[in-house]
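The note below is intended for a colleague who meets this structure for the first time. It is arranged as numbered points, each of which may be read beside the displayed model.

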Amino acid sequence: MTTTQENARPVPLIGPAVGQAQASLTRLLTGILAGSGTSHQAWLGLQRLAALGGQATQEAYLRDLSDWLLLDGPAAARLADDLVAAGLADTVGGAMRRTAQGRGLREQVLAASAKITGPMLAMIDRDDLETTVRTLDEITRRARGTITTEGNR
């Protein structure tokens, strides 16, 4: 059996590249958040609420925070309470939802981030970026499936 040159190449190690990109982008984000007085954890909580469509039942939101941010129940509840106390979210009828202030902060942070990352990304081929996003989304989906099926957390 013969092996083609393509198949003989080792699979690239993606972890270090993703980790370094994440660390660099997190550092940029931390600077932007500092200007708004928002903690990184509060930002992540706000992002998770946005990922849920801007509102979710309190139970579903706390479960999502626990799952995605690896928080125990009390820590997830504290984060939700912190968002409410900061005016970024509120609870109505058992549902957690973003407030106008929360939506505004998210738009402000995303716009400030785009001012920094836009020029960087403009220098990268758009098709390459789209492939990268699809690839990372697929890796995330598969990794989460592995975590779920193997019971890892």
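1. Confidence. The model is predicted. The protein averages a pLDDT of 90, and 91% of its residues score at least 70. Among the elements, the highest mean pLDDT, 97, belongs to helix 5 (residues 73-85), whereas helix 1 (residues 5-8) has the lowest, 64.

2. The largest pocket. The space in the largest pocket comes to about 1,800 Å³. Its lining consists of 36 residues; Val18, Gln22, Leu25, Thr26 and Leu136 are the ones nearest the centre. By class, the lining holds 23 nonpolar, 11 polar and 2 charged residues.

3. Elements around the pocket. Which helix gives the most to the lining of the largest pocket? Helix 2 does, with 11 residues. At least two lining residues each come from helix 2 (14-36), helix 3, helix 4 (58-69), helix 6 (100-122) and helix 7 (126-150).

4. Salt bridges as a group. The count of salt bridges comes to 7.

5. Arginine 48 is found in helix 3 (residues 40-51). Its side chain meets that of aspartate 64 in a salt bridge, at 2.7 Å from N to O. This pair links distant parts of the chain, with aspartate 64 in helix 4 and arginine 48 in helix 3, 16 residues apart. Are the two partners buried or exposed? Both aspartate 64 and arginine 48 are buried. For arginine 48, the relative accessibility is 16%, so the residue counts as buried, the cut-off being under 20%. Leaving aside residues up to four places away in sequence, arginine 48 touches Tyr61, Asp64, Leu65, Trp68 and Leu69.

6. The pair of arginine 97 and aspartate 90. The side chains of these two residues also meet in a salt bridge, with an N to O distance of 2.8 Å. Arginine 97 has a relative accessible area of 33% and is therefore partly exposed. Aspartate 90 is likewise partly exposed, with a value of 22%.

7. Glutamate 138 forms a salt bridge with arginine 142, and the closest N and O atoms are 2.7 Å apart. The two residues are separated by about one helical turn, because they stand 4 residues apart in helix 7. Glutamate 138 counts as partly exposed at 28% relative accessibility, while arginine 142 is exposed, with a relative accessible area of 55%. Salt bridges that share partners join Glu138, Arg141 and Arg142 into one network.

8. Leucine 70. Leucine 70 has its place in the loop between helix 4 and helix 5. With a relative accessible area of 62%, the residue is exposed, since the cut-off for that class is over 50%.

9. Glycine 102. This residue is found in helix 6. Glycine 102 has a relative accessible area of 0% and is therefore buried. Which residues does glycine 102 touch, not counting those up to four places away in sequence? They are Leu46, Gly87 and Leu88. The C-alpha atoms of glycine 102 and glutamine 41 are separated by 14 Å, and the two residues lie 61 residues apart along the chain.

10. Glycine 104. Helix 6 also holds glycine 104. The relative accessible area of glycine 104 is 30%, so this residue is partly exposed. From C-alpha to C-alpha, glycine 104 and leucine 88 are 8.9 Å apart in space, with a separation of 16 residues in sequence.

11. Alanine 86. The loop between helix 5 and strand 2 (89-92) contains alanine 86. Alanine 86 counts as partly exposed, at 40% relative accessibility. Its C-alpha atom is 9.1 Å from that of glutamine 101, a residue 15 places away in sequence.

Technical notes. Residues numbered from 1 in each chain as written. Predicted model: local features only at pLDDT ≥ 70, side-chain atom pairs only at ≥ 80, totals over all residues. Heavy atoms only, no water. pLDDT = per-residue confidence, 0-100. Buried < 20%, exposed > 50% of the residue type's maximum accessible area, 1.4 Å probe, protein only. Contact = heavy atoms within 4.5 Å. 1 Å grid on protein atoms, 1.4 Å probe; cavity = no way out; pocket = protein on both sides within 12 Å on 5 of 7 lines; lining within 4 Å. Points joined across faces, edges and corners; volume = space filled by probe spheres on them. Nonpolar A, V, L, I, M, F, W, Y, C, P; charged D, E, K, R; others polar. Salt bridge = Lys/Arg side-chain N within 4 Å of Asp/Glu carboxyl O.
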